[in-house]
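Please keep the sequence and the model in view while reading.

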Amino acid sequence: MKKFNIAVVGATGMVGSKFLEVLTERNLPVENYYLFASARSAGKVVDFMGKPHTIIELNEENINATKVDIALFSAGGSTSAKFAPSFVKTGAVVVDNSSEWRMCDDVPLVVPEVNASDIDWNNGIIANPNCSTIQAVVALKPLHDKYTIKRIVYSTYQAVSGAGVAGYTDLVDGVNGVAPKKFPYPIFNNVIPQIDVFLPNGYTKEEEKMILETQKILDKNIKVTATTVRVPVLNSHSESINVEFEKPCTLEGIYEALRSGENLIVMDDPANISYPMPCNVTGNDDTYVGRVRIDDTVDSGCNLWVVADNIRKGAATNAVQIAEKLIAKMSK
Ligand code: A2P
């Protein structure tokens, strides 16, 4: 069986270290792993796959010296803008977790459960969507296939891990009264109705990402609006999603569609107070949906509550699933 060389770029970060965990669990056919980070971490030794791996400084010389088939990037937008093309030049396919390439027309934006076939038209870069978008479209795909979604209203409750190590530290240290470094206000005992920067229209960049990425992945004809909020939860994003359909729906039909969804778990039993929450979802690769209700303020629509581990399915797992599809393609 053919074996592949894989680079992890940003291997010391919040998502990067989850890449290493997920790669260990999924056991891809890999010859060598190369772990890259900034000059700050170069030379550090990380135990991975039962072997010590030395962190390599990300620069042109080292990229050219390590001929890889796939590079998994999670080192921020500017690093990706600068170095993803360098990997592509060496013949590698980059799976990038930043927002740098997502809306480029020649870059597929992929959630394998929804649009895996878009991998086929990549030109060397495949973008991993925003964490909030990924879990939303996994839940919405079977409903769109069955009822054709007309409009979506997202309200998110996003964990601090989505802001990397610095965001996580703001919550942990904030419990002891330490002033925030990453967020504009304390996140402990607070909610912040701002994720990423504000745009001229009053929406935040995170809200714009959810809107545009949902349309790119699922269907450009769907009207989407969003409010994205940071909450004092360490890990796993929750979302209230209001959906309006073109075709008539029933509650039974919605449950049936959701139960057929790939890597989607319906957890919805009010009698036993069962519904998804960060505390019962963190550590899993699936997306969870509950609190399913018909919205009778519209001709056809429903409300959903969707929770997923934002560092796993929202980032590392989704990228590794894309790498698995690439490996299957490259092995043919
Ligand atoms: P380093 O640890 O050496 O700074 P997080 O999202 O958790 O903040 O992690 C960001 C990741 O991106 C880290 O692995 C970080 O490496 C890496 N990174 C940040 N800037 C650069 C850069 N200019 N070149 C390479 N890696 C970078």
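Helices are DSSP runs of H or I with at least four residues, strands are DSSP runs of E with at least two, and both are numbered from the N terminus. The model is a predicted one, in which local features need pLDDT of at least 70 and side-chain atom pairs count only at pLDDT 80 or more, while totals for chains, interfaces and linings use all residues. Residues are numbered from 1 along each chain as its sequence is written, and side-chain values use heavy atoms, with hydrogens and water left out.

Q: In which helix is lysine 18 found, and is this residue buried or exposed?
A: Lysine 18 belongs to helix α1. A residue is buried under 20% relative accessible area, exposed over 50% and partly exposed in between, with a 1.4 Å probe and protein chains only.

Q: Which residues does lysine 18 touch, not counting residues up to four places away in sequence?
A: A contact requires heavy atoms within 4.5 Å. With residues up to four places away in sequence set aside, lysine 18 touches Ile311, Arg312 and Ala316.

Q: Where does asparagine 27 lie, and what is its phi?
A: Asparagine 27 lies in the loop between α1 and β2 (30-37). Its relative accessible area is 60%, so asparagine 27 is exposed. Although it is not a glycine, this residue has a positive phi of about 50°.

Q: In which strand does arginine 291 lie?
A: Arginine 291 is a residue other than glycine with a positive phi, near 50°. Because its relative accessibility is 38%, arginine 291 counts as partly exposed. The strand that holds arginine 291 covers residues 287-294 and is β13.

Q: How far apart are the end C-alpha atoms of helix α7?
A: Helix α7 has 13 residues, 205-217. The expected span of a helix is 1.5 Å times one less than its number of residues. For α7 this span should therefore be 18 Å, and the end C-alpha atoms agree, being apart by 18 Å.

Q: What covers the buried residues of α7?
A: The buried residues of α7 include Glu206, Met210, Ile211, Glu213 and Ile217. What covers the buried residues of this helix includes α4 (112-115), α5 (131-147), β9 (149-157), β10 (223-227) and β11 (237-245).

Q: How far apart in space are arginine 151 and valine 224, C-alpha to C-alpha?
A: Arginine 151 has its place in strand β9, and it counts as partly exposed because its relative accessibility is 37%. Not counting residues up to four places away in sequence, arginine 151 touches Ile222, Lys223, Thr225, Asn242, Val243 and Glu244. Although arginine 151 and valine 224 are 73 residues apart in sequence, their C-alpha atoms are apart in space by 5.7 Å.

Q: Is serine 238 buried or exposed?
A: Serine 238 is part of strand β11. Beyond its neighbours within four places in sequence, serine 238 is in contact with Gln135, Ser155, Thr156, Tyr157, Pro278, Trp305, Val306 and Val307. At 4% relative accessibility, serine 238 therefore counts as buried.

Q: Which cysteine sulfur is nearest to that of cysteine 279?
A: Cysteine 279 is in no disulfide, and its 68% relative accessibility is why it counts as exposed. The nearest cysteine sulfur is 19 Å away and is that of cysteine 131.

Q: Which residues are the closest to the centre of the largest pocket?
A: On a 1 Å grid over the protein atoms alone, a pocket is an open set of points where a 1.4 Å probe fits, with protein on both sides within 12 Å along at least five of seven lines, and lining residues have an atom within 4 Å of a point. About 1,200 Å³ of space lies in the largest pocket. Of the 44 residues that line it, the closest to its centre are Gly76, Gly162, Ala163, Gly164 and Lys182.

Q: Which helices each supply at least two residues of the lining of the largest pocket?
A: Several helices contribute to this lining in the way asked. Those that each supply at least two residues are α1 (14-26), α3 (77-89), α6 (164-174), α7 and α10 (312-330).

Methods: Disulfide = S-S within 2.5 Å. Points joined across faces, edges and corners; volume = space filled by probe spheres on them.
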